[in-house]
Amino acid sequence: MVVAYIRTVKTASKATAVQIVHSNRRGARDIEHIGSAHTPEEVEALKAAARQRLYAGQDTLDFGDGRPEGQALPITSTRSKQLWDALCLAYTRLGFDTAGEADEVFQALVLARVVEPVSKLDSIRVLTEIGVAAPGYRTIFRRLRGYASNQWRQRLAAACAAHVGLGPATLVLYDVTTLYFESAPRGAWFLFPAQRGPT
């Protein structure tokens with residue numbers, strides 16, 4: 001089975017090349033070069049030409065609304081229903097719906113960060129992009145104190161423990177996100193949370 005798609009790549013001369021790639025399951029690829037452009041407008045024109053070449057000979061649907069043949073239909077809205085439904089199902093199976101007292105704002109924040117790990121404010125953008133009604137920033141801000149309470153965290157921890165069948169135990173969680181290796185012109189450096197020095 002051959003799959004064809006349009007891609008853009010940067011060239012050595014810093015232009016943007018528009019190509020049609022034909023690939024199959026065995027990894028073999030045939031690349032058809034459409035052209036190179038230096039401005040966003042030229043790139044869009046080349047992409048339009050690539051689409052015409054890629055879909056040449058295909059019939060168009062007549063929707064009976066008087067729209068000229070070949071004119072693109074406007075996209076009025078999008079929704080990632082399958083993704084959202086799958087995330088909501090996982091959220092429910094973990095028991096977070098019960099632990100979170102069916103708080104839709106909390107659920108929206110948690111699932112938005114699964115889609116894309118961003119700030120609370122940017123979570124609104126993520127939800128909007130996938131077609132889910134997003135809570136307002138003031139609503140989110142008002143709820144934060146409740147989400148930070150010990151009682152709220154204990155309910156969520158109990159739901160996680162119940163999901164994996166964990167009995168009375170002690171969990172030790174260690175965050176290593178502040179540790180990384182950095183290369184410098186005069187040698188290697190390690191950055192730790194409280195110190196920095198040459199190795």
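Trainee: How exposed is Lys-47?
Mentor: Lys-47 is partly exposed, having a relative accessible area of 24%, where partly exposed is the range between buried (under 20% relative accessible area) and exposed (over 50%), computed with a 1.4 Å probe on protein chains only. Bear in mind that this is a predicted model, in which local features need pLDDT of at least 70 and side-chain atom pairs count only at pLDDT 80 or more, while totals for chains, interfaces and linings use all residues. Residues are numbered from 1 along each chain as its sequence is written, and side-chain values use heavy atoms, with hydrogens and water left out.

Trainee: And which residue does Lys-47 form a salt bridge with?
Mentor: Its partner is Glu-44, with the closest N and O atoms 3.8 Å apart; a salt bridge here is a side-chain nitrogen of Lys or Arg within 4 Å of a carboxyl oxygen of Asp or Glu. Glu-44 is also partly exposed, at 43% relative accessibility.

Trainee: How far apart are Glu-44 and Lys-47 in helix H1?
Mentor: They are 3 residues apart in helix H1, so about one helical turn separates them. Helices (H or I, at least four residues) and strands (E, at least two) are DSSP runs numbered from the N terminus.

Trainee: How many salt bridges does a search of the whole structure find?
Mentor: The search finds 8. One of them joins the side chains of Arg-53 and Glu-32 at 2.8 Å, N to O, and this pair links distant parts of the chain, as Arg-53 is in helix H1 (residues 40-54) and Glu-32 is in strand E3 (residues 29-37), 21 residues apart.

Trainee: What about Glu-101, what does that pair with?
Mentor: Glu-101 forms a salt bridge with Arg-155, at 3.7 Å between the closest N and O atoms. That pair also links distant parts of the chain, with Glu-101 in the loop between helix H3 (96-99) and helix H4 (104-115) and Arg-155 in helix H7 (residues 150-164), 54 residues apart. Glu-101 counts as exposed at 56% relative accessibility, whereas Arg-155 is partly exposed at 22%.

Trainee: Changing topic, is Thr-16 buried or exposed?
Mentor: Thr-16, which lies in strand E2 (residues 16-24), counts as buried at 14% relative accessibility.

Trainee: What does the side chain of Thr-16 make a polar contact with?
Mentor: The contact is with the side chain of Lys-10, at 3.2 Å; a polar contact is a pair of N or O atoms within 3.5 Å, and within protein one must be able to donate a hydrogen and the other to accept it, with residues adjacent in sequence counting only if both atoms are side-chain atoms.
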